[in-house]
Amino acid sequence: MSKYYLNYLDELESEAIFILREVWAQFDNPVILFSGGKDSILVTHLAKKAFYPAKIPFALMHVDTGHNFPETIQFRDDVIKDLGLQLIVGSVQEAIDDGRVSEEKGKSATRNILQITTLLDAIESNKIDCAIGGGRRDEEKARAKERFFSHRDDFGQWDPKNQRPELWNIFNGRHFEGEHFRAFPISNWTEMDVWNYIKRENIAIPSLYYAHEREVVWRQESWIPNSKFLVLEDHEEVVIKKIRFRTLGDITITGGIMSDADTLEKIAAEVSGMRQTERGNRSDDKRSESAMEDRKRQGYF
């Protein structure tokens, strides 16, 4: 009898689709956390496959910091229009205006941590019991601790020591009122897997991932894009460099790398030789050794 072997991308795809269907089976009001970055785009594409020919049964939720790349917002809106899905937006600016959070000051100020309150408010007000994210274990050591189904208490907090076992692909989504879950269907994917799959499926992504000329400032060992939100110091100089971004976040904290990779094939080839994690150019992760885990414990993505 001949044996049938799945391609490794097909195995990862199958696992992610299984997780997405489990979420739909176990929860009443799940959403996909959609930032317009490659991982949330990938999760949305997988959800499309998981429920085809029906429409994706989840709304998309975006926590809008107000300091986004314009290209990301345009891409988000195009996806919503193309798929005909509901978009839930949590606004950090509204949270600031309402006095729910206070904006940081200074050169390294960021709205990144302010997303926590906005996200938890949106989850509570929309009665969401599971938020599906594009987090991957290879991104960062705190994310390596995540389960596929990540339990959050009634304050929205994550306790890495109080997560449920997931033996034999059995997932327990039971929760008390006020609690919710985060689900991570692509936990086992690497950055290389993501790009190979995007290339194979020919998935549209924002132009920011491709090498292009842009005004940037050298700060914290990476090229930070110039914008109206960036506070320059006297010694800093705005220059034009050909760069691309490996990960997308707030425009004030997302560092680019010098690159000539302007096609999916070139990006995949470039990533295959990388020795630094893709979040190595995110200044929000450089604040402390445990910056990501501290934010996740409070309710971060």
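What follows is a short tour, going from the whole chain down to a few single residues.

Keep in mind that this is a predicted model. The protein chain has 8 helices and 10 strands, and 54% of its 301 residues are buried.

**The chain as a whole**
- Take the contacts in the protein chain with a separation of 6 or more: 73% of them are accounted for by residues 24 or more positions apart.
- The accessible surface of the protein chain comes to about 14700 Å², and carbon and sulfur atoms own 49% of that.

**The cores**
- The largest nonpolar core counts 53 residues, and F58, F149 and W189 are the ones with the most contacts inside it.
- Several elements give two or more residues to this core: the helices α1 (8-26), α2 (38-51), α3 (70-83), α6 (191-201) and α7 (264-272), plus the strands β4 (130-132) and β6 (180-183).
- Why does this core lie between domain 1 and domain 2? Domain 1 (8-193 + 289-298) and domain 2 (206-285) both give residues to it, so it sits between them.

**An open sheet**
- Strands β8, β7, β9 and β10 form an open sheet, in the order β8-β7-β9-β10, with antiparallel pairing.
- At the edges you'll find β8 (222-225) and β10 (257-258), each pairing on one side only.
- Strand β7 (residues 212-219) and strand β9 (residues 239-244) run antiparallel and are joined by 5 bridges.

**Helix α6**
- Which residues of α6 are buried? They are E191, D193, V194, W195, N196, Y197 and I198.
- Those buried residues pack against α1, α2, β9 and α7.
- Just after α6 comes N202, which takes a positive phi of about 55°.

**A loop residue, N162**
- N162 is found in the loop between β5 (149-152) and β6.
- With a relative accessible area of 48%, N162 counts as partly exposed, because that label covers values between the 20% and 50% cut-offs.
- N162 and H151 are 11 residues apart in sequence, and their C-alpha atoms are 8.2 Å apart in space.

Terms used. Residues numbered from 1 in each chain as written. Predicted model: local features only at pLDDT ≥ 70, side-chain atom pairs only at ≥ 80, totals over all residues. Heavy atoms only, no water. Helix = DSSP H or I, 4+ residues; strand = E, 2+ residues; numbered from the N terminus. Buried < 20%, exposed > 50% of the residue type's maximum accessible area, 1.4 Å probe, protein only. Contact = heavy atoms within 4.5 Å. Areas by Shrake-Rupley, 256 points an atom, 1.4 Å probe, with all protein chains shown as cover. Pairing = 2+ DSSP bridges. Core = buried A, V, L, I, M, F, W, Y, C linked by side-chain atoms within 4.5 Å. Domains from an automatic or database assignment.
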